[in-house]
Amino acid sequence: MRNRLFISSLFLATTLSLSAQKSATITLSSDQGEQIIPKEIYGQFAEHLGTCIYGGLWVGEDSAIPNINGYRTDVFNALKDLQVPVLRWPGGCFADEYHWMDGIGPKENRPKMVNNNWGGTIEDNSFGTHEFLNLCEMLGCEPYISGNVGSGTVEELAKWVEYMTSDGDSPMANLRRKNGRDKAWKVKFLGVGNESWGCGGSMRPEYYADLYRRYSTYCRNYDGNNLFKIASGASDYDYNWTKVLMDRVGSRMQGLSLHYYTVTGWSGSKGSATQFNNDDYYWTMGKCREIEDVLKKHCEIMDQFDPNKNVALLLDEWGTWWDEEPGTIRGHLYQQNTLRDAFVASLSLDIFHKYTDRLKMANIAQIVNVLQSMILTKDSQMVLTPTYYVFKMYKVHQDATYLPLDINCEVVSLEGERNNNRQLPLISATASKDKDGKIHISLSNVDVDNAQEVTVNLPEGLKVKKAVGEILTSAKLTDYNSFEKPDNVKIAALKETKISKGVLKLKVPAKSIITVELQ
Ligand code: AHR
């Protein structure tokens with residue numbers, strides 16, 4: 001079931017300047033829910049890139065920065081609160097140059113390497129398999145290992161799986177025991193290569209399809225650990241990649257990945273993360289919503305080959321990609337995160353919920369200090385980004401039953417070449433019912449200037465006395481949390497909600513995101 005959207009009027013984004021009260025109507029039918037929103041839609045991604053791992057997640061046991069067995073305490077606690085369901089590692093592009101055996105055993109013996117993809121930084125391998133899988137255990141999340149196909153061997157990947165998951169008297173299990181871990185870890189998600197069309201080996205889909213078949217054959221299920229094998233998928237609009245993989249790999253894979261970034265282009269400036277105008281903002285909203293078309297088209301192709309939806313689509317990289325912050329190291333992809341990024345998160349999650357009959361995971365890039373991150377750190381300081389707060393407000397939807405909405409709101413037509421004549425609804429929303437029967441509605445008012453009076457028609461017979469909620473907004477779209485002002489953008493209690501005769505009335509200020517719980 002998909003949200004239905006009614007277009008009530010069209011006009012140019014650039015004419016949106018007068019402040020006024022607007023209105024929208026949403027109809028919720030609580031008995032229509034069929035799909036579960038897999039918690040993995042709220043997945044994260046951690047790459048050996050910039051300060052994502054070193055300084056972000058990991059500082060080492062001997063650091064002056066407070067830590068739990070080497071993991072930063074502040075970051076760990078913030079992530080624990082977010083209920084991270086799955087964490088992808090070690091890349092990204094890094095994964096296809098990573099040799100896992102360099103990252104096990106005594107730290108002083110681990111060889112160094114050059115991180116060629118990301119600024120030529122020296123990688124000392126002090127964060128390896130044990131450090132990653134132990135972190136996942138502590139966070140209570142599923143690990144998603146991205147294996148090296150581009151520059152690795154079949155034997156290397158096969159042995160990694162054995163090292164992590166075999167409990168028998170096998171050579172790799174014994175090596176793991178020698179390195180201090182007796183019991184095998186549970187590893188469900190295994191990526192067989194990353195961006196194999198690009199940094200992962202510049203392959204053609206036909207060639208990669210055969211390689212996938214070969215590599216995945218030797219990735220065994222040991223001792224009750226059942227791998228969910230994921231083939232390296234397409235980028236954005238490359239529908240042929242999906243077609244070839246579905247045709248030539250089919251049910252040999254449990255999942256096929258997809259990457260989609262909200263980015264202006266791959267050459268030249270991508271624009272500042274913090275200095276932008278309203279036109280740039282509306283462009284961003286249109287571009288991030290375009291993922292709906294992209295998802296639909298990849299799903300249609302998958303449906304042709306796999307009508308029973310046995311192969312999952314996994315959007316294992318998504319989010320905004322802006323210019324690196326001035327003064328930071330080139331190739332480290334460190335960017336600030338404003339209220340605009342928060343909208344990219346909320347609008348994208350609203351869309352993902354609609355396609356969970358096929359889309360089973362999404363991993364925002366990346367968890368700390370890289371691209372559209374949850375958290376930024378500087379030495380011992382940490383800030384939570386506006387995107388973090390969206391994930392916090394939306395965590396109620398994890399593993400809840402998706403409830404389709406009819407949304408009737410104003411839609412603007414974004415004109416001009418760069419906008420590709422995209423249509424932008426000014427209200428985006430999603431709803432779900434959790435395991436205890438509680439209904440949550442998340443709603444974004446994308447309009448920069450105008451508040452929205454939103455009428456939510458509740459299903460007949462639903463007994464609701466009040467709606468309690470939270471709101472994320474700020475004076476300016478360009479507002480962000482800095483180390484000097486860490487609480488500039490943060491969640492507040494939502495005041496204006498009214499319920500009467502089966503109708504919920506919400507006053508949603510301009511450029512704000514809310515989540516309400518019906519009680
Ligand atoms: O997330 C940054 C990079 O983007 C990843 O390493 C790569 O897979 C993608 O191109």
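I started with a pairing: strand E22 (residues 439–445) and E28 run antiparallel and share seven bridges. Two strands count as paired if DSSP finds at least two bridges between them. Strands (E, at least two residues) are DSSP runs, numbered from the N terminus. Asn445 sits opposite Ser512 of E28.

I noted the ground rules. This is a predicted model, where local features need pLDDT of at least 70, side-chain atom pairs count only at pLDDT 80 or more, and totals for chains, interfaces and linings use all residues. Residues are numbered from 1 along each chain as its sequence is written, and side-chain values use heavy atoms, without hydrogens and water.

I checked confidence. pLDDT is the predictor's confidence in each residue, from 0 to 100. The protein chain averages 95, and 96% of the residues score at least 70. Residues 1–17 fall below 50.

I turned to the other pairing of E28. Strand E24 (residues 467–473) joins E28 through seven bridges, also antiparallel. Ala467 faces Leu518 in E28, and Gly469 has Val516 as its bridge partner.

I traced the whole sheet. Six strands form an open, antiparallel sheet in the order E17-E21-E22-E28-E24-E25. E17 (401–403) and E25 (491–494) are the edges; each has a single partner strand, so one side of each lacks a neighbour in the sheet.

Terms used. Contact = heavy atoms within 4.5 Å. Helix = DSSP H or I, 4+ residues; strand = E, 2+ residues; numbered from the N terminus.
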